[in-house]
Amino acid sequence: MEVAVLGAPSARGRRVVRDLLERPEVSRVVFVGDNERQLIRLAAGFGEDLVRVAKAAPTVDGIAEGLTGCDVAVATLQPESSPERGHIGAELAAFEAALAARVPYVTACEDPAAIDVLLSPRFTAERRSRPATAGPATSPIGTSTVTADEPVVAGMSWTPGLSNILVRAAADRFEAVRTVRVAWSTSRNDKGADGLGRLIAGWAGDATVIKDGARKNRPPGSKSEQVFFPEPVGWQRVHTVRGAEVASLPKLLGGLESLVVQGGMGGASASTVAQMVARAPAAAASAPPVVALGRPEEGHTPSSARRRLGILTRAPALGLGPFARRPSGWSALRIDVTGRAAGTEKTETYGVVDHLANLEAGPIVAAALLMGREVSTGRGVLAPEAAFAPGPFLAQLAEFGIRVAHLER
């Protein structure tokens, strides 16, 4: 199969390309973007027999043309550390282009604001179908009349994404689900991915939770607790953070009373976070630009990066404490789902530990391979938990060495 990759120059994009090319069923990867020179340089490192470049203007029409002839398309557009319209616009353009090109598509987008839009009714099959002979959509973003004939999956990372599928795996064991908790922890010593950036993103704006059956906004860090993750991560302090799981899981779990997403960082005590913030101006000045479709996004400046990093000055107030457990160098995800089975209330818990780079890339590569083999549970615009049955998906992840544990309580 030929797999198109949008955002290949990003750190996650390069990892996804490498993982795809290691799979025997992938014959070629196509880099889609408008910075042709950058993409050609990147492609040279993989070999012209394995990679080709499709120059595409950053518009719905341009991207759709670049996707032509591909069996599957994946987007690894670099996520922003806060919800900004530039990144959401790039996600929407790529999403609309996949619909126009009628190519199975999955995005690693994690921004709750973007996921809310991508899963909104205007992207569903209720839209009027265009004739099969028609070319790519020419209407503005959000007004295309294309019907999603192929699976189009929004939010396929480790959280959301793998987290959603693990919630579904637990929910399948119950007659009714009452509460869901998603908890994650990164590490200061986990190389190859931006654990600090993930923590910043989790604190960049109010967190939407489900409480007493209703959606409510909470300040990030408003709840702090110690959570045990599988070893070698162990006990870590986590706080309420922004998470996109709330955009779709309540639709799967009718009558859900509570849903919260919590996140933390191993070794991130108040003092160490303060040191990170003290270094923020220098770090922000040297930070690479955010990449979308192979080009820096407008509006991403060192000063905006410093403002986002400044969020971490709230760390002492968030209760990180003066000391923190020594970071293990591993990242972890834990899912707790409470429900009723055979008249008894029980809790099902799943956990996974791996390096963050593996956890970020593995789910979207697994999704692309399953979609290419048509191993999905539906068509149209889907959340991860609606697109993939847990069994086949987790089996595909296990082939990459990412194994999920069913934890005993």
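Reply: We may start with Glu2, which lies in strand 1, residues 2-6. The model is a predicted one.

Me: Is Glu2 buried or exposed, and what is its relative accessible area?

Reply: The cut-off for buried is under 20% relative accessible area. Glu2 falls within that class, so it counts as buried, with a value of 19%.

Me: Which residues does Glu2 touch, not counting those up to four places away in sequence?

Reply: Contact here means heavy atoms within 4.5 Å. With residues up to four places away in sequence left out, Glu2 touches Ser27, Arg28, Val30 and Arg52, and also Gly69, Cys70, Asp71 and Val72.

Me: Where does Pro160 lie, and what is omega for the peptide bond from Thr159 to Pro160?

Reply: Most peptide bonds are trans. Pro160 lies in the loop between strand 6 (151-153) and helix 6 (162-171).

Me: What is omega for the peptide bond that joins Glu231 and Pro232?

Reply: Pro232 is found in the loop that runs between strand 10 (224-229) and strand 11 (234-240). The bond joining Glu231 and Pro232 is cis, and its omega is about 15°.

Me: Where is Arg102 found, and what is its phi?

Reply: Most residues other than glycine have a negative phi. Arg102 is found in the loop between helix 4 (85-101) and strand 5 (105-107). Although Arg102 is not a glycine, its phi is positive, at about 55°.

Me: Where is Asp212, and how does Asp212 count at its relative accessibility?

Reply: Asp212 has its place in the loop between strand 8 (207-211) and strand 9 (214-218). Its phi is near 55°, a positive value in a residue other than glycine. The cut-off for exposed is over 50%. Asp212 has a relative accessibility of 66%, so it counts as exposed.

Me: How many helices and strands does the protein chain have, and what share of its residues count as buried?

Reply: The protein chain has 14 helices and 18 strands. Among contacts between residues at least 6 apart in sequence, 76% join residues at least 24 apart. Of the 409 residues of the protein chain, the share that counts as buried is 57%.

Technical notes
Residues numbered from 1 in each chain as written. Predicted model: local features only at pLDDT ≥ 70, side-chain atom pairs only at ≥ 80, totals over all residues. Heavy atoms only, no water. Helix = DSSP H or I, 4+ residues; strand = E, 2+ residues; numbered from the N terminus. Buried < 20%, exposed > 50% of the residue type's maximum accessible area, 1.4 Å probe, protein only.
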